[in-house]
Amino acid sequence: MLLISCPWCGPRDETEFHCGGEAHIARPLDPPALPDAAWAGYVFMRDNPKGWMRERWMHAQGCRRWFNLVRHTVTHEIAGAYLVGAPLPPLPDECP
Amino acid sequence: MADRGTTILDPLAAAIAAASCEEARLSRLPLVGQVTLRAGRDAVSLAGVALDLALPTEPNRVASDGGRAAVWLGPDEWLILLPRGDVASTVARLEMALDGGHFAAVDTSAARLGLALSGPAARQVLAKGCGLDLHPRAFAPGDCAQTALARVPVLLVQRDEAPTFWVFVRPSYAVFLARWLIDAIAELRLAPIPGLDT
């Protein structure tokens with residue numbers, strides 16, 4: 001089980017959380033003007049990196065707030081959590 | 001006489017009373033009025049003045065004054081526990097104080113039932129079904145947490161160093177959780193086995 005640190009509540013069991021998938025996907029500003037392929041890309045296409053990933057998580061059985069988490073998809077190592085709207089922290093394998 | 005009302009836990013009253021022992025005492029909390037307040041940070045001080053009770057801004061903390069408590073549920077969400085008779089007037093006071101702002105003050109008194117668990121083994125009992133670190137260095141009187149106990153979402157509040165915990169649970173889960181707690185306490189009532197228990 002992962003021990004995830006909610007930015008508000010601190011370390012909690014993974015079972016208290018809901019994972020919302022890849023973070024920082026911006027909704028297109030004018031959906032009706034969008035070609036189908038671009039809309040499909042927004043709705044369905046996600047990165048699937050083998051390595052560090054920024055994900056959205058929600059503390060479902062706690063404060064019920066969404067936040068972002070930097071997690072390694074192979075080792076499950078968690079590099080940190082940050083609030084929605086906060087500046088993007090560099091991934092651990094990126095040069096800051 | 002505490003207001004016990006009629007709740008889904010009534011049929012378990014005798015079992016709950018019989019479960020308690022020296023190490024861990026389980027009881028039903030009297031029915032308490034509950035007001036859920038959603039409001040932005042700019043409204044915290046206004047609401048505090050209207051309530052005459054400062055809302056905690058530090059996560060997972062409780063502010064109390066005698067018969068009332070303000071429980072942190074989220075960065076813009078609080079639960080105010082107060083006598084049932086004061087709910088309507090409190091909601092009205094909040095609505096007047098925060099008028100024009102973006103907020104909600106709602107009577108949610110029927111949303112949760114309270115159980116109290118206290119005694120030297122209370123932490124041990126909760127630890128059977130709760131992943132939270134309840135050690136005194138991590139969880140102290142005045143702390144609260146929304147978490148899972150026996151897989152049931154609960155609101156846990158530590159009241160004193162006995163320790164006494166309040167466990168608030170959705171009424172539909174209350175019977176299950178009360179039965180689970182009765183079962184979790186049961187082993188504490190066993191007589192020690194000479195030679196095995198020291």
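Predicted model: local features only at pLDDT ≥ 70, side-chain atom pairs only at ≥ 80, totals over all residues.
Residues are numbered from 1 along each chain as its sequence is written, and chains are lettered from A, with ligands numbered from 1, in the order in which they are written.

**View 1. Chain A as a whole.** Chain A contains 1 helix and 6 strands, arranged along the sequence as β-β-β-α-β-β-β. Helices (H or I, at least four residues) and strands (E, at least two) are DSSP runs, numbered from the N terminus. The C-alpha atoms of chain A fill a box of roughly 45 × 30 × 25 Å along the principal axes. Of its 96 residues, 18% count as buried, that is, with 20 or more other C-beta atoms, placed from the backbone, within 10 Å of their own.

**View 2. The open sheet of chain A.** In chain A, 4 strands form an open sheet in the order E3-E4-E5-E6, with antiparallel pairing. Two strands pair if DSSP finds at least two bridges between them. The edge strands, E3 (18-22) and E6 (78-83) of chain A, each pair on one side only. From one strand to the next, the twist averages 30°. Strand E4 (residues 52-58) of chain A is joined to strand E5 (residues 66-72) of chain A by 7 bridges; Glu55(A) has Leu69(A) in E5(A) as its bridge partner.

**View 3. Two helices of chain B.** The axes of helix H2 (residues 44-51) and helix H3 (residues 87-97) of chain B come within 9 Å and cross at roughly 140°. Axes are lines fitted to C-alpha atoms, for helices over the stretch in contact, and angles run from 0 to 180 degrees between N-to-C directions. H2(B) and H3(B) are therefore oblique to each other, since angles under 35 degrees count as roughly parallel, over 145 as roughly antiparallel, 65 to 115 as roughly perpendicular and the rest as oblique. Among the residues making the contact are Leu46(B) of H2(B) and Leu94(B) of H3(B).

Notes. Buried ≥ 20, exposed ≤ 12 C-beta atoms within 10 Å, placed from the backbone. Contact = placed C-beta atoms within 7 Å.
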